[in-house]
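The following note comments on the structure shown below.

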Amino acid sequence: MSKVILITGASSGIGEATARTLAANGHKVVLGARRTERLEKIAAEIRGAGGTAEFRALDVANHEDVQAFASFAKEKFGRVDVMFNNAGVMPVSPMNALKVDEWDRIIDVNIKGVLNGIAAVLPLMEAQGGGHIISTASTGAHAVGGHFGVYCASKYAVWAIMEGLRQEMSQIRVTTISPGVTESELGHDITAGDTKAAVNQLRAIALDSKAIANAVLYAISQPDDVDVNEMIIRSVRSAGHAF
């Protein structure tokens, strides 16, 4: 059955790959991100391949913006079946660098962005008697590394929020996906030189973002009474790595 699926952080990386994969499998995708020129291109290519896609500018840190995103999807398609809270940032740095503005940004996007997504769709899903909320956490929700403390805390918060939501829901499915190092733009905004070099080295074991897209497809394709709650996805080459 074709589903209406909202995707945040859809302009690149995991979000883009998921949009393309889900649309290719017959689902209707609604793309949100700040870079509307990228969204327009992706949506046009999806439509050109025979899929259904809409897009809207979105800042997940803004509660009203996320509400408007969900309302836009409901107006276009009449319902919201899946919300994929995927937007995230990773400007990691050592604590003594005191990059407080970057800490705030991690909290605003990675934590508040997920809460805003849940708040925007939960009433709609409860009213229609079902739905599915998916959020991108990270292997960083399960292991902490130096320079990654604030980022890992934000991803553990995503895990905790989603686990709490799961325990409250009887009709709405809840899935947390924790990717290991994945090819994406995540980390492009790292300003600490040594940290940036270390993250770039990790790219040698990175997964293709389509691996995560396939995990999302798997989760939403289960029967309505089957709830795939958690998936940790790593490259085989990540043996010996916490992330």
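1. Helix 2 (residues 36–48) has 13 residues and spans 18 Å from its first C-alpha to its last, close to the expected 18 Å at 1.5 Å a residue; the expected span is 1.5 Å times one less than the number of residues. Helices (H or I, at least four residues) and strands (E, at least two) are DSSP runs, numbered from the N terminus.

2. The model is a predicted one, in which local features need pLDDT of at least 70 and side-chain atom pairs count only at pLDDT 80 or more, while totals for chains, interfaces and linings use all residues. Residues are numbered from 1 along each chain as its sequence is written, and side-chain values use heavy atoms, with hydrogens and water left out.

3. Leu-39, Ile-42, Ala-43 and Ile-46 of helix 2 are buried, where buried means under 20% relative accessible area, exposed over 50% and partly exposed in between (1.4 Å probe, protein chains only). These residues lie on the same side of helix 2 because they cover an arc of only 100 degrees around the axis; the arc is taken from the directions from the helix axis to the C-beta atoms. Glu-37 and Gly-48, on the other side of helix 2, are exposed.

4. The cover over the buried residues of helix 2 includes helix 1 (13–24), strand 2 (28–33) and strand 3 (52–57). After helix 2 comes Gly-50, with a positive phi near 95 degrees.

5. Helix 5 (residues 149–168) has 20 residues and reaches 29 Å between its first and last C-alpha, close to the 28 Å expected at 1.5 Å a residue. Its buried residues, including Val-150, Tyr-151, Met-162 and Leu-165, pack against helix 4 (100–128), strand 5 (131–136) and strand 6 (172–179).

6. The structure holds two aromatic pairs. One of them, Phe-148 with Tyr-151, is edge-to-face, at 6.5 Å centre to centre and 70 degrees between the planes. Rings of Phe, Tyr and Trp (its six-membered ring) pair if their centres lie within 6.5 Å, and planes under 30 degrees apart count as stacked, over 60 as edge-to-face and the rest as tilted. Phe-148 counts as buried because its relative accessibility is 10%, and Tyr-151 is buried at 6%.

7. Among the 42 residues of the largest nonpolar core, Leu-6, Val-121, Ile-133 and Leu-165 touch the most other members. Such a core is a set of buried Ala, Val, Leu, Ile, Met, Phe, Trp, Tyr and Cys residues joined through side-chain atoms within 4.5 Å. Helix 4 gives the largest share of this core, eight residues.

Key:
Contact = heavy atoms within 4.5 Å.
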